[in-house]
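User: Got a fold I'd like to talk through with you. Can you take me around it, strand by strand?

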Amino acid sequence: MTRVCVIGGGTMGRGIAGVAAASGYEAVLVDVDQAALDRARDAIALRLERDGAAERLGAVTFSLTIEDAVPGADVVVEAVPEILELKQQTFARIAAAASPTALLATNTSTMSVTRIAEGANGSPRVIGMHFFNPVHRMPLVELVAGEQTSDATVDDALALARALGKEPIVVRDVPGFVTSRLGLLLGNEAMRIVEEGIASAEDVDKAMKLGYRHPMGPLELADLVGLDARLNNVRSMYEQSRLEQYRPPAILERLVAEGKLGRKSGSGFYDYGE
C-alpha cells in the first residue's frame, strides 16, 4: 500500500490524510468544497511543520471529485458526515472507481458498517476504521468488521493501522461499537448533570480527570470534537438502539441550535474567546 485517498476534508479527513503523509504514504484528500480543501491544506501544513515533517506536504494532493482521486489508490477512507444515505452514496461512487483490490474503509463512529457497505454492493473489502480526534495524537483505531468483511480485509486494515503508528482493536458491527457505546453514554450523562444544575462543566470534567484519570473531561472532549458532530453521533446511536440513555440531551440540542459548537465556533460548554 502506497497511496491513500481520503474522502471528506473536515477535521477527521484532513487528520487522516496528514497522518498518512507523515507515515510515508502518498495522500489525496477529496472534498466538494474548494474552501474546505484550502483550510485542510493549511491545517495539514501546520501539523506537519510542528511535527518536523514539513517536507511531507508535497506528498498530499487535493481533489474536488471522487472519480478523479480514487483510481490508483490502494486505500480509500470515507470521512463524510454521519448520514447513512450520504455514506452509502459515497461508497457507491468509491466502489465504481476503485481498484477491486483496494481497501475501502469508513471512519464512522456509530453507524452500521454492514449498512454502509450496501452502497458498495456488500463488498468484502469494506471495513470500519474509526480514527480518533486529534488523529495525529490519538493512538487508537477501532476496526469494525461488518457482516460482509473478509478476513483478508481485516488483516490488511490491521497492517495499515500499525503502519500509521496506531494501535488497532477489532470489534463486531453493533451500534456504537465499543468506544462510542461507552463514550457517548458518559458524555450524555455529563451533559445532563450540567443541565440539571448538579455541577458545573468545569467540575464535571475535573471529577473525571482527577477521579478516573481521564486525560480530558467528557465536556472538554465534546467541545473539541464539535457539538454538531456529537449531536449527529448521539442521534444516530439513539435511532439505532432506541435506548433512552442515548437520547440527545436538551442542552446539547440547544447549544447547537444557538451555533455554539465548541472550539471551532469559539464557545460551547466552555468559552474560548478570540
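This is a predicted model: local features need pLDDT of at least 70, side-chain atom pairs count only at pLDDT 80 or more; totals for chains, interfaces and linings use all residues.

User: Let's start with strand β2, residues 26-30. Why is β2 largely enclosed by the rest of the structure?

Analyst: Buried here means under 20% relative accessible area. By that cut-off, β2 is largely enclosed because of how many of its residues are buried: four of the five.

User: And in which sense do β1 and β2 pair?

Analyst: β1 covers residues 3-7, and five bridges link it to β2. The sense of the β1-β2 pairing is parallel.

User: Which residue of β3 is the bridge partner of V28?

Analyst: β3 spans residues 60-63 and runs parallel to β2, with four bridges joining the two. Within β3, V28 has as its bridge partner T61.

User: So which helix sits between β2 and β3 in a β-α-β unit, and what is the unit's handedness?

Analyst: One such unit comes from β1, helix α1 (residues 11-22) and β2, and it is right-handed. For β2 and β3, the helix is α2, residues 34-50, and the handedness of that unit is right-handed.

User: Zooming out, which strands are the edges of the sheet?

Analyst: The sheet is open and has eight strands, ordered β3-β2-β1-β4-β5-β6-β7-β8 with mixed pairing. An edge strand pairs on one side only, and that picks out β3 and β8 (167-172).

User: By how many degrees are neighbouring strands turned against each other on average?

Analyst: Direction is ignored for this one. Averaged over neighbouring strands of the sheet, the turn is 25 degrees.

User: What about α6, at what angle does it run to β6?

Analyst: Helix α6 (residues 151-163) lies across β4, β5, β6, β7 and β8. Relative to β6 (126-130), α6 runs at about 30 degrees.

User: Now the packing. Which element gives the most to the largest nonpolar core?

Analyst: That core has 35 residues, and L29, I127, M129 and F131 touch the most other members. L29's contacts beyond four places in sequence include V6, A17, L37, I44 and F62. The element giving the most to the core, with six residues, is α1.

User: How many residues are in the other core, the one with C5 and V144?

Analyst: It lies apart from the largest one, and A102 and I116 are also among its members. In general, nonpolar side chains in soluble globular proteins tend to be buried together. The size of this other core is 26 residues.

Note on methods. Residues are numbered from 1 along each chain as its sequence is written. Side-chain values use heavy atoms; hydrogens and water are left out. Buried means under 20% relative accessible area, exposed over 50%, partly exposed in between (1.4 Å probe, protein chains only). Two strands pair if DSSP finds at least two bridges between them. A crossover is right-handed if, with the strands pointing away from the viewer, the path from the first strand over the helix to the second runs clockwise. Axes are lines fitted to C-alpha atoms, for helices over the stretch in contact, and angles run from 0 to 180 degrees between N-to-C directions. Contact means heavy atoms within 4.5 Å. A nonpolar core is a set of buried Ala, Val, Leu, Ile, Met, Phe, Trp, Tyr and Cys residues joined through side-chain atoms within 4.5 Å.
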